[in-house]
Each structure stands twice: as structure tokens, then as C-alpha cells.
Amino acid sequence: MDGKFLTQEDLLQFRVQLIEQLKVLLKQPEPVKKEWLKSAEVRKLLGVSHGTLQNLRINGLLPYSKVGGLIFYKYDDLVKLLEGDRKSGQGNG
């Protein structure tokens, strides 16, 4: 053995560093891994209201599938919608 010991100060410092790293990880948005998203997830991703999402559906700008009472959107269709906005110059970015 090396003869090194952990002190309370070492443990306290480790705890502080661990908490700071966890805070950073928890603030990072989780990447979308699902192929199909529910309306609430789409509204959160796009930052739009329920009415705006409904208008995107009604106007045929965002394809969707309805199963029972739930509406699902394909993630790739969201990307296409956003890329179409960028290419046409209508978006803000």
C-alpha cells in the first residue's frame, strides 16, 4: 500500500465537484432519440403553442399520424419543416 489516506476535506472537495458536474449534465438538453413524437414533445422542441401546432397540421405543413386520440409526428418531418424554412429565407435564423 501507498500509505495515502482520504481526509474529510478530500471527501468534501470531491462532493462539491461531483455536484457541479451533475448540475452541468442536468442542464444539457437530452437529444431526441425517438422516431415518433407526441404533440407536447413537438410543441416543446419547436417552442410553439397548441394552436400553432394545430395550424401547421391544418395547413399541411407538418404531416402527422393519429392513433386513437393521440397525434404523432415523425422527427424527420420536423427537421424537413425547419430546413424548408431556412432554405426559403422565411425563418429568423
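Which residue in β3 is the bridge partner of K38?

1. In β3, K38 has F72 as its bridge partner. Strand β1 (residues 36–38) runs antiparallel to β3 and is joined to β3 by three bridges. Strands count as paired if DSSP finds at least two bridges between them; helices (H or I, at least four residues) and strands (E, at least two) are DSSP runs numbered from the N terminus.

2. This is a predicted model, in which local features need pLDDT of at least 70 and side-chain atom pairs count only at pLDDT 80 or more, while totals for chains, interfaces and linings use all residues. Residues are numbered from 1 along each chain as its sequence is written, and side-chain values use heavy atoms, with hydrogens and water left out.

3. Strand β2 (residues 65–67) is also antiparallel to β3, again with three bridges. F72 in β3 is the bridge partner of S65. The two strands form a hairpin with two residues between them, and G68 in the turn has a positive phi of about 65 degrees.

4. Y73 counts as buried because its relative accessibility is 0%, whereas Y64, at 41%, counts as partly exposed. The cut-offs are under 20% relative accessible area for buried, over 50% for exposed, and partly exposed in between (1.4 Å probe, protein chains only).
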